[in-house]
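The questions below go through a single chain, moving from its overall build to individual residues.

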Amino acid sequence: NKQVILKDYVSGFPKESDMNIVDSTITLKLPQGSNDVVLLKNLYLSCDPYMRIRMTKDTTAELGALTPGFPLTGFGVSKVVESGHPDYKKDDLVWGITNWEEYSLVPTTGMYKIEHNDVPLSYYIGILGMLGLTAYVGFFELGSPKKGENVYVSAASSAVGQLVGQFAKLHGCYVVGSAGTKEKVDLLKNKFGYDEAFNYKEEPDLNAALKRYFPEGIDIYFENVGGKTLDAVLLNMKLHGRIPVSGMISQYNLTQPEGVTNLAQIIYKRIRFEGFVISDYFHLYTKFLEFVLPLIREGKIVYVEDIAEGLENGPAALIGLYSGRNVGKQVVVVAHE
Ligand code: NDP
C-alpha cells in the first residue's frame, strides 16, 4: 500500500522532502465488528492550501495537526472495497476525507455517496465538493451580490477562484480577477469570462491597478490571498462593501504574518468583513448541487483541473500550490476507476 507520509512538522514553505513515499502492506479485509468504517480504494486526491496549516505543530486549523510518521489526510474520491456500514456497499463511489495512500480504512462520518456520475468523478474533490460549496457560500451567502455590482477575485484561476468569477458573471456582475502568470490571466478572460484580468506580479502598485479596474470602487472582494492584496483592496472598497474571507494563502507559510495597515477602512466604509469555514455550511450541499449540476451539464460553467498522475507525484503537486505552479484545481490521480 503506497503512502505519502509526513516526515515531521513543517516551518516556512513546505518542501517535497518534508514527505516520504513508502510502501507498506495492508490486509484488504475489514477488521471484524467494524460497522462504521469502510475499506476504500482511493482514486483521486485533492491538493488544498489548508493542508499546509495542518503541518504546523501548534496549529489552530479546524481539523488539528497531522501526525508525523503517518499519511497525509485530505479530500478524496474513492471506491468502496468492503463496508461494515449498511449504507455503503462494495463498488459504491464516495467522496470525503481519506488518507494519502492507495487503500484506506476510514470512518464513514463526513463521507458522501456519489449519485451523479455523468460528470467527471474528480469533480467531487473540486467543483462538486467542498471547493464548489466554498465558492457558492462565500459569494452568494456572505457576499449578498446584486446584479451590476463590482466584484474582485484574487487567486482567480484557483479551484475556488475560477468558480467565484463564473458565478459572479452569471449573476450579472462586473468581475475582475488577478493571477500570477500570463497563462492564467488568459484563462480568466478567455475561458472563465472575467471582464478584466491582470497579473498581480507585474503590478508594482496594486492600489493603482485596482483604481484602474474599479474607478468607482469594489462592492465585493472575494478574499483568497490576504496580506498586501487585502491592504490595497481595503483602500478601494465602496461604502457597504462585503469581503467574504475564504482564505489567505499568502500568509500560510510565513513565520511572521504580514501586517495589514488599512483595517480602519472597514469602519469608515461600513464593510462587512466575514471569515467562514466551509464545514459549517454542509447543510447547503444538496441545494448547491441542484444549482451547479445543471450549469455543468448545460456547459454554462467550465472547470479547469491540473492533473498529477501517480501518488508519488503528490508531494510536488501539493507544494506547487504555494508557488502557483498549478493551473486550476490540483488533482492527484492514485488510480483510474
Ligand atoms: P488553489 O490551491 O487551487 O490555488 C492556489 C493558488 O493561490 C495558486 O495557484 C497561486 O496562484 C495562488 N497563490 C499562492 N501563493 C500566493 C501568494 N503568496 N500570493 C497570491 N497568490 C498566491 O486554491 P483554492 O482555490 O483551493 O483555495 C483558494 C483559497 O480558498 C485559499 O486561501 C484556501 O485556503 C481557501 N479555502 C477556504 C475554504 C474555507 O472553508 N474557508 C475552503 C477551501 C479553500 P497564482 O499563480 O495566481 O499566484
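A residue is called buried if 20 or more other C-beta atoms lie within 10 Å of its own, exposed if 12 or fewer do, and partly exposed in between, with C-beta atoms placed from the backbone. The model is predicted, and local features need pLDDT of at least 70, side-chain atom pairs count only at pLDDT 80 or more, and totals for chains, interfaces and linings use all residues. Residues are numbered from 1 along each chain as its sequence is written.

Q: Which residues of α2 are buried?
A: Helices (H or I, at least four residues) and strands (E, at least two) are DSSP runs numbered from the N terminus, and helix α2 covers residues 130–142. Eleven of its 13 residues are buried, so α2 is largely enclosed by the rest of the structure. The buried residues are Met130, Leu131, Gly132, Leu133, Thr134, Ala135, Tyr136, Val137, Gly138, Phe139 and Leu142.

Q: How many helices and strands does the chain have, and what share of its residues is buried?
A: The secondary structure comes to nine helices and 15 strands. Over the 337 residues of the chain, the buried share is 44%.

Q: What is the radius of gyration of the chain, and why does it agree with a compact globule?
A: The radius of gyration is taken over C-alpha atoms, and the globule rule is 2.2 Å times the number of residues to the power 0.38. The C-alpha atoms fill a box of roughly 65 × 45 × 35 Å along the principal axes. For 337 residues the rule gives a value near 20 Å, and the chain agrees because its own radius of gyration is 20 Å.

Q: How many residues does each domain give to the contact between domain 1 and domain 2?
A: The domain assignment, which is automatic or from a database, gives domain 1 (2–126 + 304–333) and domain 2 (130–279), and their centres, taken over C-alpha atoms, are 28 Å apart. Two residues are in contact if their C-beta atoms, placed from the backbone, lie within 7 Å, and on this basis the contact takes 15 residues from domain 1 and 19 residues from domain 2.

Q: Where does the largest nonpolar core lie, and which of its residues touch the most other members?
A: A nonpolar core is a set of buried Ala, Val, Leu, Ile, Met, Phe, Trp, Tyr and Cys residues joined through C-beta atoms within 7 Å. Domain 1 and domain 2 both give residues to this core, so it lies between them, and its largest share, eight residues, comes from helix α2. Not counting residues up to four places away in sequence, Val164 touches Ala135, Gly138, Phe139, Val153 and Phe222. Of the 92 residues in the core, those that touch the most other members are Val164 and Val332.

Q: Is Leu142 buried or exposed?
A: Leu142 is found in helix α2 and touches Val137, Arg242, Pro244, Glu274 and Phe276, not counting residues up to four places away in sequence. The C-alpha atoms of Leu142 and Val245 are separated by 9.0 Å, although the two residues are 103 apart along the chain. With 21 C-beta neighbours inside 10 Å, Leu142 counts as buried.

Q: What is the phi of His240?
A: His240 is found in strand β12 (residues 237–245). With 11 C-beta neighbours inside 10 Å, His240 counts as exposed. In this residue other than glycine, phi has a positive value near 65 degrees.

Q: Where is Arg270 placed?
A: Arg270 has 12 C-beta neighbours inside 10 Å and therefore counts as exposed. Although Arg270 is not a glycine, its phi is positive, at about 50 degrees. Its place is in the loop between α7 (265–268) and β13 (272–275).
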